[in-house]
Amino acid sequence: MAKKPNILIIMVDQLAGTWFRDGMASFLHAPTLRRLYDEGVNFSSAYTASPLCAPSRASFMSGLLPHKTRVYDNAAEFTSSIATFAHYFRNLGYNTTLCGKMHFVGPDQLHGFEKRLTTDIYPADFGWTPDWTQPHQRIDWWYHNMGSVLNAGIAEISNQMEYDDEVAFLAKQKLYDIARKEDDKPFLLTVSFTHPHDPFLTRKKYWDLYKETHFPDLHVPSIGYEQMDPHSKRLYDANDTTHYNITTEHVNKSRHAYFANISYIDDMIGQILDVLKTCNLDDNTIILFTGDHGEMLGERGMWFKMNFFENSACVPLLFHAPNRFTGKEITHAVSATDIMPTLLQLATGQPADLCHDIDGISLFNAIEGDTSSLEKRVIYSQYCAEGSVDPMIMARTEQWKYIYCEVDPPQLFDLAHDPYECRNLAEDITYSNVKQNMQELVTNHLDIAQLRHDVLDSQARRLLIYKSLRNGAYYPWDYSPLQAAGERFMRNHMDLNVVEVNNRFPKNS
């Protein structure tokens, strides 16, 4: 029987999928990703389940939307009773490893992975819990602010670079370990970087790649605070934007550094794939490249994510497998919740036998050429975190995007004719039937009143628990990877000859 394929998942943070439509933006210096996109299957209208780190990642791993994972924000616990792709792949006999960020909140820091090679870059406790009962509260110590834009530029090391350098190094070491052990078990290795997430700092070698580049103009420059929709205004206030004087130079430097950090990540990915090839693992490895959410990058005068505009809600989604399928682009809308069942079917050739219903579907048939299951599908995304005061729902059909929140006026965009979402058609009587149909989709999707109750209840409990757990002895949930130093390299209880043979790859050459 043929060996099951290995799975290499490469995840990045805050990379807008809009830069990967029609392949990849031509000005990007990213040769590794460009090759993968030329050879793989690109889903160019893929949407996050929630435009924020922890909720989106919980949905990516489980195939469930946030109202089912109950991961509403960046401080909501991802409970151990929710099955993830790591659990399913372990049941298939895979060795499962996580290297990098996944923003698990709570005491379970594995969620099906056998090993984690790094700690996470963000805290695992309830400290970042928003409070909808105080809608105008701004929490300076953890909320985004515009310092990332104001201080954009060149740095040779930063908090984020140090993290991603370590992620890349340990991912390469893991591949060497797999090759040296000559284990028959297939592997699932998830490598998750924090770039190109702000702050917008990059190394000079990557900055210089773009010194002569003319970046695309903003499609929708700042429209002015008074013209913004209510949620955009709340995000503008939550990010403390009014207290900063953001100039055109700041915007340009931030965009320059952001694109340079795509090149930085491309370099790290290239190094990992070089090791994959050196270890003769590349021919039987399926690669998934994706992200958790996008980045507004100055569009509409907005930054970061936390909204349903295209630059925030779209994510890259690429499947690559040598000699298995050829390069193509699929423009039908799909969801990050589709990733788990798709990977399982790619690995086994059969639809996944799941222990519970999920919100995602397998994209296997679409990858093989039959996109009929995607043509009339509705994609949903939810947002219940900072900057919001009530559940926000996005419904996306082939042509339309509808954004609904019970405390805000609705938004309706015709993405077929208005891809940059310049014209809200929700109050245009010409489109009243479309609006009504989209509203019915949202209403039938979930019980918004119940979701509101659940979010408020969750926030209240977590705010109390966090305060309690910081009063007195504190036991952190943050993952601390342990290494048995006495079992590494050469020690006196080891036979030097055996050590040298076992740690060599190839064994004979």
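A search of the whole structure finds 25 salt bridges, a salt bridge being a side-chain nitrogen of Lys or Arg within 4 Å of a carboxyl oxygen of Asp or Glu. The structure is a predicted model, in which local features need pLDDT of at least 70 and side-chain atom pairs count only at pLDDT 80 or more, while totals for chains, interfaces and linings use all residues. Residues are numbered from 1 along each chain as its sequence is written, and side-chain values use heavy atoms, with hydrogens and water left out.

One of the salt bridges is formed by Asp292 and Arg57, whose closest N and O atoms are 3.0 Å apart. This pair links distant parts of the chain, 235 residues apart: Asp292 belongs to the loop between E9 and helix H10 (310-313), and Arg57 to helix H2 (residues 53-62). Helices (H or I, at least four residues) and strands (E, at least two) are DSSP runs, numbered from the N terminus. Both Asp292 and Arg57 are buried; here buried means under 20% relative accessible area, exposed means over 50%, and partly exposed lies in between (1.4 Å probe, protein chains only). A further salt bridge brings together the side chains of Arg116 and Asp120 at 3.1 Å, N to O. Arg116 counts as buried at 4% relative accessibility, and Asp120 is buried with a relative accessible area of 10%.

Arg203 and Asp165 also form a salt bridge, with the closest N and O atoms 2.6 Å apart. Arg203 lies in the loop between E8 and helix H7 (204-207) and Asp165 in helix H6 (residues 159-181), so the pair ties together parts that are 38 residues apart in sequence. Arg203 counts as buried at 13% relative accessibility, whereas Asp165, at 25%, counts as partly exposed. Salt bridges that share partners join Asp13, Arg57, Lys101 and Asp292 into one network.

Aromatic contacts were examined next. The structure holds 26 aromatic pairs. The rings of Phe43 and Phe319 have centres 6.0 Å apart and planes at 85°, so this pair is edge-to-face. Rings of Phe, Tyr and Trp (its six-membered ring) pair if their centres lie within 6.5 Å; planes under 30 degrees apart count as stacked, over 60 as edge-to-face and the rest as tilted. Phe43, in strand E2 (residues 41-43), and Phe319, in strand E11 (residues 317-320), are 276 residues apart, and both are buried. One aromatic cluster is formed by Trp19, Phe27, Phe200, Tyr210, Phe215, Tyr258, Phe259 and Trp303.

Charges also sit over aromatic rings, the criterion being that NZ of Lys or CZ of Arg is within 6 Å of the ring centre and within 35 degrees of the ring normal. The charged end of Arg300 sits over the ring of Phe309, 3.9 Å from its centre, and Arg470 lies over the face of Tyr474 at 4.1 Å from the ring centre. Tyr474 is found in the loop between helix H14 (448-469) and helix H15 (496-502) and is partly exposed, with a relative accessible area of 32%.

Strand E4 (residues 95-100) is mostly covered, with five of its six residues buried. E4 runs parallel to strand E7 (residues 187-196), to which six bridges join it; two strands pair if DSSP finds at least two bridges between them. Leu98 stands opposite Thr190 in E7. E4 also pairs with strand E5 (residues 115-116) in the parallel sense, over two bridges, and Thr97 stands opposite Lys115 in E5.

Several backbone features were noted. Most residues other than glycine have a negative phi, and most peptide bonds are trans. A cis peptide bond joins His195 and Pro196, with omega about 5°, and Pro196 lies in strand E7. Another cis peptide bond joins Asp198 and Pro199, with omega about 10°; Pro199 lies in the loop between E7 and strand E8 (201-202). Asp240, although not a glycine, has a positive phi of about 60°. Asp240 is placed in the loop between helix H8 (230-238) and helix H9 (248-278) and counts as buried at 15% relative accessibility. Asn280, likewise not a glycine, has a positive phi of about 60°; Asn280 is placed in the loop between H9 and strand E9 (285-291) and counts as exposed at 62% relative accessibility.
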